[in-house]
2 protein chains.
Amino acid sequence: MNFEAITIKDIATALGLSVSTVSKALSDSYEISEKTKKIVIEYAEEHNYRPNPIAKSLKQGNSKSIGIVVSTIDNQFFSQVINGIESIAYSKGYNVIITQTHESFELEALNVKHLTYRSVDGILISLSTETSDVEHLKSLHKKGLPIVFFDRISEEINTHKVIADNFNGAFEGTQHLLDSGYKRIAHITSSPDISITRERLKGYTKALEDRGIAFNEDYVKYCMHGGRDLDEIKSALNDLLTIENRPDAIFTASDRITTTTLLLLQQMKVKIPDEIALLGFTNTQLADALNPSLSTIYQPGFEIGKNAIEMLISIIESKRPVTEFETRVLPTQLYIRNSSSPAKRD
Amino acid sequence: MNFEAITIKDIATALGLSVSTVSKALSDSYEISEKTKKIVIEYAEEHNYRPNPIAKSLKQGNSKSIGIVVSTIDNQFFSQVINGIESIAYSKGYNVIITQTHESFELEALNVKHLTYRSVDGILISLSTETSDVEHLKSLHKKGLPIVFFDRISEEINTHKVIADNFNGAFEGTQHLLDSGYKRIAHITSSPDISITRERLKGYTKALEDRGIAFNEDYVKYCMHGGRDLDEIKSALNDLLTIENRPDAIFTASDRITTTTLLLLQQMKVKIPDEIALLGFTNTQLADALNPSLSTIYQPGFEIGKNAIEMLISIIESKRPVTEFETRVLPTQLYIRNSSSPAKRD
DNA sequence: CTGAAAGCGCTAACAA
DNA sequence: TTGTTAGCGCTTTCAG
């Protein structure tokens, strides 16, 4: 966008100064007299001078931009995370390039590659459901690219990480179902390859264990595409509904799986919560308006985003190599609504 | 991200060639022998050479990035639009910077300014609810910055535009309500300053007119903040519900207003559609799962995004100044569900 | 306090 | 067919 842009050179010639003087004056250098500074700055403002960030980047070797990799922005949780990221990034002079993996490993690798082509100063990433191998990130990380993981993290790379308290969220959710009298609690979740699946499964298992309920493998269904595929949720549900000792409650582990399960159960005319209760992770704002209103485990998306970008910027702007890393765990919130409370129905 | 990056210069010295030879070889110039090309390209691949896009941008005066301005990405319609934009942009080598106005004029102006600082090659914008003055865009447009409007457009700037068929969507929606036997149809909409409000209002009015129903000003409520403010929708609803000749149906004009209206009516224990029917513009995927399932007017968000970016790129890459502009109007889709069909309830 | 000049990585006009 | 060189806009030594 260099349409009619005025440059330092223009100012210099107009004022009969050298480019370096103008450059220094503009950056308020001690080497320049107040008088000259004033002249330069006034002229610059009058002529609407804007420094060219590309030239600056080239010189300084950074781009003041960071890359975000998520599965889809078309998801309340991630758009909240992105809002959190942007709220900090812009105020610190960074801009943000958002890319989507659509849960594909291939797309994830491609996006990361593109981001490095784009010379981003760092990457914020939540892994795709398909990703089990993180070699594409490891090599970049080794070369010095700052990376911060959030949501779906990798243990194989030692860097800052931010997650919701998935274990506890799942634990409390399952506990609530047990407290409400449900005994045969099924679990529909994503690929076991990603961190959140494992953490949430642990919380679920622990809650059962605490009540002396045996873990039943048939009650756990994995959707390898994170619920993008309607069919995988459908078949999981079919399995669960036709199984011997059919479950009386379902605990779902991700935004899309939760809402899709509700939709499918409705289509199947299965009464919630009478025939089967439902509770799941989701950040939808419509939980109250659903039929029935949906019991949810809410993740602090905005806060996760804020934390992640702060940590990333701290790495980027650190003078010396960062070697001490931290994993921040933010609490989830349990909202009990009608889909899991037989007593509360109206 | 210039960590250990290899440059053209490195290749040149390693191979005993000049930088220009390498540069030309890499871009497959006719001036370079096949033999040299092969050597250069092989070396480049072996050493994982990546051109520095910043240097290229500086030289070529473009940034291969475009800016998007929307109210919030945390909105199904806009995230679908963005998906459409990205689907084309990336394949054409552009990357995308997303900014949000949160319906504030000030933020919109600021974002646009930031985008120009960032040297974007063009801007895709849907105006904020607060925006009636488009001087901030006009001046940039005059200077030659390619701009394409979508969704909420401005008549004051002559450029490409993409919108849903708001008039017809509203017309069909209102007609459907009339066909279903509703006679006193209220309309809750955004600020009258934005294009979509006017277009949808016209469709609503026309449908009434066609049936010989007088337009009742008291039935139309404007939410100046596009429904971001819960209170403005609340007070609109209170007015409508306490009015003489209380409406028997509400037609809502935007995503947020539609879903919030449903939530509020539920809270107020107003039976939908028995006491009041509801139909509105929204792209939520959960319409079927709501209580009651929600009749909606759906905009082709993905297609709107695709069209907008294609038009923008055509301006950016046009050799000569573009003077002929086009406004594309894409059809909406009406989904009739229970919130507007007394007969269909179950 | 101010200016000349080099250079960030790349492209392209021109020379050889 | 290959090389030399200038320059994109800016920062930053180093001289003056």
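Predicted model: local features only at pLDDT ≥ 70, side-chain atom pairs only at ≥ 80, totals over all residues.
**Notebook: cores and the A–B interface**

I looked up the nonpolar cores, and the largest has 82 residues, with A:I250, A:F251, A:L265, B:I250, B:F251 and B:L265 having the most contacts inside it. By core I mean a set of buried Ala, Val, Leu, Ile, Met, Phe, Trp, Tyr and Cys residues joined through side-chain atoms within 4.5 Å; buried is under 20% relative accessible area with a 1.4 Å probe, protein chains only. A second, separate core of 54 residues includes B:V70, B:I304, B:I313 and B:I315.

Residues are numbered from 1 along each chain as its sequence is written, chains are lettered from A in the order in which they are written, and side-chain values use heavy atoms, without hydrogens and water.

Next I turned to the interface. I found 54 residues of chain A in contact (heavy atoms within 4.5 Å) with 53 residues of chain B. On the side of chain A that touches chain B, β2(A) gives the most, with 6 residues; strands here are DSSP runs of E, at least two residues, numbered from the N terminus.

Last, I checked A:S119. I see A:S119 counted as buried because its relative accessibility is 5%. Its C-alpha atom is separated by 8.6 Å from that of A:I66, 53 residues apart along the chain.

Note on methods:
Helix = DSSP H or I, 4+ residues; strand = E, 2+ residues; numbered from the N terminus. Buried < 20%, exposed > 50% of the residue type's maximum accessible area, 1.4 Å probe, protein only.
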